[in-house]
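Here is a short tour for anyone meeting this structure for the first time. Please keep the sequence and the 3D view open as you read.

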Amino acid sequence: MKKLFSILFMLVFSAGLYSFTSPEYFEGKWAVTVKDTPQGTATIPMRFETKDGKTMGYFVEDPSGTEKPMSSVSISGDVLTGYFNIQGYDVYISLKKVDDESAAGSLMDMFTAEAKKVK
């Protein structure tokens, strides 16, 4: 019985470790497409960086290309969540790794978001 418990513990522990995504995965530029918003489908350029263990996020709101900082960014397990104000609305986006070049999630848990790394 102890052996069975030990094996199950190791399997659960290993699966738990596998589900964590490092901050380095999200670093760099992303093209985040948010689908079916009241204004239609929109692509928001975003960039994430980690300095001194803290992840920061930036986004571009208008065609000028000027980056604006996000209010906060956190990574919990394998989900990045970024809070920011765009077009007068306080919103948040959640993204989870799909593969090495893409992530998926939602804006405000209402609109589907798909992110592709920009090279």
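## The largest pocket and the chain around it

The lining of the largest pocket has 13 nonpolar, 5 polar and 3 charged residues; here Ala, Val, Leu, Ile, Met, Phe, Trp, Tyr, Cys and Pro count as nonpolar, Asp, Glu, Lys and Arg as charged, and the others, Gly among them, as polar. This is a predicted model, where local features need pLDDT of at least 70 and side-chain atom pairs pLDDT 80 or more, while totals for chains, interfaces and linings use all residues. Residues are numbered from 1 along each chain as its sequence is written, and side-chain values use heavy atoms, leaving out hydrogens and water.

Of the 21 lining residues, Thr37, Gln39, Ile86, Gln87 and Leu107 lie nearest the centre of the pocket. Two or more lining residues come from each of β1 (28-37), β2 (40-51) and β7 (89-99), and β2 gives the most, with 5 residues.

Now for the chain as a whole. Its secondary structure comes to 2 helices and 9 strands (DSSP runs: helices are H or I, at least four residues; strands are E, at least two). Along the sequence, the pattern reads α-α-β-β-β-β-β-β-β-β-β.

Some values for the protein chain:

| Property | Value |
|---|---|
| Buried residues (under 20% relative accessible area, 1.4 Å probe, protein chains only) | 30% of the 119 residues |

How values were computed
1 Å grid on protein atoms, 1.4 Å probe; cavity = no way out; pocket = protein on both sides within 12 Å on 5 of 7 lines; lining within 4 Å. Buried < 20%, exposed > 50% of the residue type's maximum accessible area, 1.4 Å probe, protein only.
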